[in-house]
Amino acid sequence: MTSVLFDVPGPKARRRQRLGTVLGGVVVAVLVGLVLWRLGSNGQLDPSRWAVLFDTRTNVPQRLLEALLNTLQVAAVGMVAATVLGAFLAVGRLSDHVWVRVPVTVVIEFFRAVPLLVLILFCFLFLPQVGVSISAFGALALGLTLYNMAVLAEIIRAGILSVDRGQSEAAYGLGLRKWQVMTSVLVPQAVRRMLPVLVAQLVVLLKDSSLGFIVGYLELLRTARSLVETLNFQFGPIYTFQLYVAAGLIYIVVNVLLSQLAKAIEKRTDRSAKVAATTAVDMTAGTPPVAGDTQRV
Amino acid sequence: MSFLADNFPLLRDAFLTTLALTVVSGLLALVLGTVLVAMRVSPVVALRGLATFYVETFRNTPLTVVFFFLAFGIVQIDLQFPSRFITAVAALSLYTAAFVCEALRSGINAVPPGQAEAARALGLDFRQSLTTVVLPQAFRTVVPPLGNVWIALAKNTSIAAGFAVTDLTATLQRLANANADQLVLVFAAVVVGYLIITLPSAWGIRVLERRLAVLR
């Protein structure tokens, strides 16, 4: 554990830090204990209450699994559609033609500025009025797509701009057309470079699918709610806490897995980029490392 | 148009609620996020672990779930927020603090190590070098990411509508049900309400970014 922010601790400082660690640990333990004690005295830790989550006879695990699939389904549709549309919008915003650039910019800025929930409600309430019938799934997927395509467009645009200028110059030099330079040289590199940020945004999209709760799409949260209502009706309000905890935990597990995937991809692309750029590394040897590389935590 | 005039007080109140939600939770999140980032870079292992756990948990939980816990979950540990508004503020600031912490941490990592080393060489201790040398510079480099967090927060306040806070989105739902024939107007009014918050913010952030940028 080294850091420029503090010295390598001497014996006194080490003792102080150990004391701090122990005290901090005690405070955390007391807080956790307090919460557990309150939960326990309210009967929330009763194993039979948690057993309902794994009891197939009550239909709870099946419903939760189905809800997870629903969540993943709407998120997957949103992810694919938003990424594809986002790539097109990013290219459009970088276009040389004003009549393409300006409308695309307006579209991107508009959808970035409007809250996702308002977009979803718009799809859900307004589209049926003008004769487009749309399900809760459709409204949710469309809202997620519209919002995230704008965000992803900005991410991909930043990626395209960060690709070395020599790349596009070389491509033009080889006689490729503008469209070819974009699709076969710039966008692939931009997407690879921006992959960690892209995946982070996809995690956000997955989290945002919980807004389906408000338009009545049976995703995880909505299912947990409806399960709570049915079970409360049968047994009284004893499973509320457990079901919400379960829904929350499922979200955390899925999102952490996605984030880990992002990290793994980042490491991989890092490595292949380094292997490809060994000559460049030789040239920069002797200059100090980039500030961002220095791990301080 | 008479429709908008009729409902103006309603929309104005809703707008003010949204604005209040954004500002209050933004300030709280900034304070909490700064404390968290100080914990995340501190030499004390327990604090570091706690902050990391906090950030990872809240970053991977949907805001809606956080709202759920604060609205219906904490009753189980015999706590209760005095009002719906305060519940919403608590959920928004707890959630946003994790993102503030991450933004600030990226800023701290971007301050050249030489700065901290020089501060250490001058004899400043951990707290002094953090508060007088590293954090002031970190705050400057993180204006754009912090700005994005702020704008995201302004938009996230709309989720409070699902939990009985009468903000712009809640008013949208209410007016949309009552005036189905004026739906476009209702949406336009509400969207303008959000744009009044987000567009000047985006502009202000750009100005601030240019004024504060550290030339390296």
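Me: Among the contacts in chain A with a separation of 6 or more, what share comes from residues 24 or more positions apart?
Reply: This is a predicted model: local features need pLDDT of at least 70, side-chain atom pairs count only at pLDDT 80 or more, and totals for chains, interfaces and linings use all residues. Two residues are in contact if their C-beta atoms, placed from the backbone, lie within 7 Å. Take the contacts in chain A with a separation of 6 or more; the share from residues 24 or more positions apart is 71%.

Me: How many helices does chain A have?
Reply: Residues are numbered from 1 along each chain as its sequence is written, while chains are lettered from A and ligands numbered from 1 in the order in which they are written. Helices (H or I, at least four residues) and strands (E, at least two) are DSSP runs, numbered from the N terminus. Chain A has zero strands, and its helices number 13.

Me: How many residues of helix 6 of chain A are buried?
Reply: A residue is buried if 20 or more other C-beta atoms lie within 10 Å of its own, exposed if 12 or fewer, and partly exposed in between, with C-beta atoms placed from the backbone. Across the 297 residues of chain A, 31% are buried. Helix 6 covers residues 136-162. This helix of chain A is mostly covered, and of its 27 residues the buried ones number 20.

Me: How far does helix 6 of chain A reach from its first C-alpha to its last?
Reply: The expected span of a helix is 1.5 Å times one less than its number of residues. Helix 6 of chain A has 27 residues, and 39 Å is expected. From first C-alpha to last, the helix comes close to that, at 39 Å.

Me: Is Lys263(A) buried or exposed?
Reply: Lys263(A) sits in helix 12 (residues 240-276) of chain A. Its C-alpha is 31 Å from that of Pro9(A), 254 residues away along the chain. Because Lys263(A) has 12 C-beta neighbours inside 10 Å, it counts as exposed.

Me: Which element of chain B has the highest mean pLDDT?
Reply: pLDDT is the predictor's confidence in each residue, from 0 to 100. The mean for chain B is 85, and 98% of its residues reach 70 or more. Helix 1 (residues 2-6) of chain B has the lowest mean among the elements, 75. The highest, 91, belongs to helix 2 (residues 8-40) of chain B.

Me: How do helix 9 and helix 10 of chain B run, roughly parallel or roughly antiparallel?
Reply: Axes are lines fitted to C-alpha atoms, for helices over the stretch in contact, and angles run from 0 to 180 degrees between N-to-C directions. Angles under 35 degrees count as roughly parallel, over 145 as roughly antiparallel, 65 to 115 as roughly perpendicular and the rest as oblique. The axes of these two helices of chain B come within 10 Å and cross at roughly 175 degrees. Therefore helix 9 and helix 10 of chain B are roughly antiparallel.

Me: Which helix of chain B gives the largest share of the side that touches chain A?
Reply: The contact takes 48 residues from chain A and 49 from chain B. Several helices of chain B each supply at least two residues, among them helix 3 (45-59) and helix 5 (84-110). With eight residues, the largest share comes from helix 10 of chain B.
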